[in-house]
Amino acid sequence: MYFASLSLVLISAQLLTTINAAHILGIFAFPGKGPYSFVEPLLKELALRGHHVTSITNYPQSKPVKNFRDIVIEKNQHLFDEFKNFSIETIGSNHFETLGTFYNKAYEMSHNVFTNEAVRKLRQTESFDLIIMDVLFTESFYGFGEDFGAPMVAISPWGTMTSIDELVGNTTPLSYIPNMIMLRHYNQNMNFWRRSLNVAVYILERIHYYYTYMPMQRKIYEQHFPNASKSITEAQKNFSLVLLNDHFVLTTPRPYVPNMIEVAGMHIPSQVEPLAEDIKRMLHEAQQGVIYITVNSFLPQYIFQMVLNVLGNFDQLVLWNTQYHTLHTLQIPPNVHFISNVSHHSLLSLPNIHLLITHGEYLCIVESIHYGIPILSLPRFDGLNEDYVNNVKKIGNGISLSWDQMRERILSKTLNDLLATDRYRREAKLKSKQFRDQQNPPLERAIYWIEYVLRFQGAHHLRNLGQNLTIWEFYNLDVFLYLSLALIVFVWFSYMSLNLMLKLIMNAK
C-alpha cells in the first residue's frame, strides 16, 4: 500500500512537471566562453526540471542533453578574433574608439543571428513561453519578446550598468557607484572632483550610447521586426526579470528594484567531479600546498619561461591547467606539472590549494571568493584585457600585475607576499564565508525567479513604475527646472516690488 501511494505521488509529480513544462528560448550570441559558462548550468537545470530549452549559442553541448537543443551560429564563433591582434596600448588608449569597434562587431553579430536559417525557421514555426538572453550588445534582439509573445529575462554576466538598469527602471547613484571605466582607478569613496568626473563620464557614455550605438541597433531591429508595434525603446522596457552576476561582497552594496536579482556563483557546481588517481596522488604528496594556474591564452616565450623560473624557486606543487601545446621548447621546473581536461572546480574545492593564478577573468574572481583562495592576476598579452582584480581590490584577497610589472623580481616578491603572509588567505576565507552565507544557492534562486515569471505570465506586478517615465521625469529634472524658474520669478518679483516701494517712499518725501 505504501509503495502504491508513493508511486501515485511520483506519477502525479511527473504529470505536474510535464503540464507545467515551458518552452524556453535562450539567446547567447556573444562569442565569449565566459558569459556562456555562467548561464549554461542554469539552462541545463531548467532542462533537468522538465522545461524544453532551445539555446542559440556558439558553444554547443559535447553530449546530448535531454530537453536541450542547440542552434549554433557558426559565423559568430570567430567574430572577435581580430581583437587578438590589438596591442595593450591600443586597447587602453581610447575607450570610446574601442567601444565603437565593438559596436560594429555587435551589429554583425546580430545580423548573423537573424539571417541564420535555423533561427529563421524557428521564428516561422515555433512558439515559446519565455525568452532568456544575454544583454551584452543585443538590443536588436529585444523584439523577440513581442515576436513570440513571451516574457523576457535578461542575463548580465558582469553585474549591472546603466543600459541594464534601464531595462527594469533601476537606478545607480552616481554619488557613490563609480562608472565601470573609473572602477579600475577609484574605490567607492569618491571626493567632489571624482564625483564630478563620474557624472561627466556618465553623460558622455550616455551620449555615445544613444547617438552612436543605438542607431545601429535600431536599424537592424526595424529591419528584422518590421511589423513590431513596439519601438526598440519600448522593447527595452519589456523585461520581466534581470539576473546579475554580482554580489555585494564582490563589488559594493547598492540598491536594486525587486525584479533585479543577484546570482553570482550560479555557475559553481554544488558537487564536483572526482579527480583522476594520478592527480590525487600528486596532491596528497604536496605537503607545502598547491599553486593552481589557469592561464590558457598566449604568453610570449620569454614571459612563459620567466614565470616558470620564478615558480621553480617555491616549495609548493604547481598545477598548470592549460591547452598550450609548445611546452617542449620550455625548461620546466620539477615542481611544475601541466594538466589538461581536469575539472576546474574539483581542484579549487580542495583545502590545500594555496593560490589561484589567472588572467583575472570575472568568473575566476567569483570562484576565488567562493572557495576562499587568494588570487594573483597576470596580464594578457593578446590584447584582450580581462583583468577585473582591480575592480574588487577593496576585497583584499588578491594582487594584480600589469604588463610592465612582469619582471622576475616583482613576480617573485608578489608570490612571496601572497604565500608567506597570512593576510590574503585570512581575508579570502572571511570573504568566502560572507559570500556563501546565503538563504539559498544562487542557481536555486535563479530557477525560482524564472519559474515565478512563468507562473505569473511575466510578473508584471514586479515592474517598476519608473520604467514609464522619461529621463526628465525619472530624475525630476522638470520639477527642479520648475522650482528654479519659480524661485527666479519670486526673487525678480520681490526685487521689483521692493524697488517700487522704495521709489514711492522717496517720492512721498
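**Entry 1: the model.** I am working with a predicted model.

**Entry 2: α2 and α16.** I looked up helix α2, residues 33–48, and helix α16, residues 442–455. Their axes come within 10 Å and cross at roughly 60°. Angles from 65 to 115 degrees would count as roughly perpendicular, and those under 35 as roughly parallel. I therefore call α2 and α16 oblique to each other. I also noted the hand of the crossing, which is right-handed.

Which residues make the contact? On α2 I found Pro 41, Leu 42, Glu 45 and Leu 46. On α16 I found Leu 443, Ala 446, Ile 447 and Ile 450. I then sorted the contact of α2 with α16 by class: seven residues are nonpolar, one is charged and none is polar.

**Entry 3: the sheet.** Next I traced an open sheet of six strands. I read the order as β10-β9-β8-β11-β12-β13, and the pairing is parallel. Which strands stand at the edges? They are β10 (336–339) and β13 (398–400). Each has a single partner strand, so one side of each is left without a neighbour in the sheet. From one strand to the next, the twist averages 20°.

**Entry 4: β11 and β12.** I checked one pair inside this order. Strand β11 covers residues 353–358, and strand β12 covers residues 375–377. The two run parallel, joined by three bridges. I found Ile 357 opposite Leu 376 in β12.

**Entry 5: a helix on the sheet.** Last, I looked at helix α10, residues 277–285, which packs on the sheet. I saw that α10 touches β8 (290–293), β9 (317–321) and β10. The direction of α10 makes about 145° with that of β9.

Key. Residues numbered from 1 in each chain as written. Predicted model: local features only at pLDDT ≥ 70, side-chain atom pairs only at ≥ 80, totals over all residues. Heavy atoms only, no water. Axes fitted to C-alpha atoms, helices over the stretch in contact; angles between N-to-C directions. Helix = DSSP H or I, 4+ residues; strand = E, 2+ residues; numbered from the N terminus. Parallel < 35°, antiparallel > 145°, perpendicular 65-115°, else oblique. Left-handed = near helix turned anticlockwise from the far one by under 90°. Contact = heavy atoms within 4.5 Å. Nonpolar A, V, L, I, M, F, W, Y, C, P; charged D, E, K, R; others polar. Pairing = 2+ DSSP bridges.
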